[in-house]
Amino acid sequence: MVTLIDTTNRPRHPEKAKRPETEVLRKPDWIRVKAPGSAGWSQTAGIVRANGLHTVCEEAGCPNIGECWEKKHATFMIMGDTCTRACAFCNVRTGLPNALDAEEPRKVAESIAALGLAHAVITSVDRDDLADGGAEHFARTIAAIRAASPKTTIEILTPDFLRKEGALEVVVAAKPDVFNHNLETVPSKYLAIRPGARYFHSLRLLQKVKELDGSIFTKSGIMVGLGEERPEVLQLMDDLRSADVDFITIGQYLQPTRRHAKVERFVTPDEFRAYETVAFAKGFLMVSASPLTRSSHHAGDDFNRLREARASRLGR
């Protein structure tokens, strides 16, 4: 028997209900986004709604949703809309999730085919309640996309599968083109920002992907503006390169509500450009660093550049 949890009247973030409110800083002029509502946006929304799917674009309140959905670029979020973690930065609903939808891999694959995506990005909520953390569901989704849209390249953004023995191997065996797992922030901020995760476990996860299948591109991202120091960010870059990670994304943290972690400061565009320069010098094949950079923003174009960079390096 499957028990479904009624989330209709439940607060989105019950764990934050008693947290003190903090001031939401006024966004600087360099953070400007396109409002959703174009014809392309409506068509993308229609396909997502018709299949009863979730996207991280909506659930996490991504500022780039207007731009991306206009181009029919949606990042599908599998395994439901409720996360078993309670990260201080994230706007995805938290709590006890419903059972997995066995038809979700097919629905996602059909939606990708309908949108005509050349490059698809699939992410998920954390599912610590599942024995494999949802690894098999990821694998089934990748297989369904390969069957429905063979020419589509696939990028996955996964949880950390903490304490789920063998889960990573299941996902890697499905052979996504890009394996992304975000470190999110520097080690000193983990207890406050990502308390359910472990920095070095996430780092080892990325390293192990390369050990299992060196042909898969690896990718990781962080937010800045949470009080981290520049030397900490540079050390994180070194840690990722030690794990042979190919691609780093760096974006500005934006506070979803007054009870989420506060923005300590807005990092300037010049600082982002400096981070990009340093990251390329450290050996990353691809770097995306800007105030509005997000893991899946321009993912298709970035994937093409990533392949070209690898081919160029191998050619030398």
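Strand β8 (residues 247-252) pairs with β9 in the parallel sense over four bridges, where two strands count as paired if DSSP finds at least two bridges between them and where strands (E, at least two residues) and helices (H or I, at least four) are DSSP runs numbered from the N terminus. Within this pair, Ile248 has Val287 of β9 as its bridge partner. The model is predicted, so local features need pLDDT of at least 70 and side-chain atom pairs count only at pLDDT 80 or more, whereas totals for chains, interfaces and linings use all residues. Residues are numbered from 1 along each chain as its sequence is written, and side-chain values use heavy atoms, with hydrogens and water left out.

**The sheet and its helices**

The pair belongs to an open sheet of seven strands with parallel pairing, in the order β1-β4-β5-β6-β7-β8-β9. Its edge strands, each pairing on one side only, are β1 and β9 (286-289), and the twist averages 20° from one strand to the next. Strands of a sheet pair through backbone hydrogen bonds, either parallel or antiparallel.

| α4 | β1, β4 | about 175° with β1 |

**The nonpolar cores**

A nonpolar core is a set of buried Ala, Val, Leu, Ile, Met, Phe, Trp, Tyr and Cys residues joined through side-chain atoms within 4.5 Å. The largest one has 32 residues, of which Ile112, Ile122, Phe138, Ile156 and Phe179 touch the most other members. Among the elements that each supply at least two residues of this core are β1 (75-78), α4 (104-115), β4 (119-124) and β5 (153-157), and α5 gives the most, with five residues. Apart from this core lies another, of 24 residues, among them Leu183, Ile248, Ile250 and Ala289.

Glu155 is found in strand β5 and is buried, with a relative accessible area of 3%. Its side chain makes a polar contact of 2.9 Å with the side chain of His119, a polar contact being a pair of N or O atoms within 3.5 Å in which, within protein, one must be able to donate a hydrogen and the other to accept it, and for which residues adjacent in sequence count only if both atoms are side-chain atoms. The residues that Glu155 touches, not counting those up to four places away in sequence, include Lys219, Ser295 and Ala299.

Arg85 lies in the loop between β2 (82-83) and β3 (93-94), and Arg85 is also buried, with a relative accessible area of 10%. A polar contact of 2.5 Å joins the side chains of Arg85 and Asp128, and a polar atom of the Arg85 side chain lies 3.4 Å from the backbone oxygen of Gly196. Not counting residues up to four places away in sequence, Arg85 also touches residues including Asp126, Asp160 and Leu162.

Note on methods. Buried means under 20% relative accessible area, exposed over 50%, partly exposed in between (1.4 Å probe, protein chains only). Contact means heavy atoms within 4.5 Å. Axes are lines fitted to C-alpha atoms, for helices over the stretch in contact, and angles run from 0 to 180 degrees between N-to-C directions.
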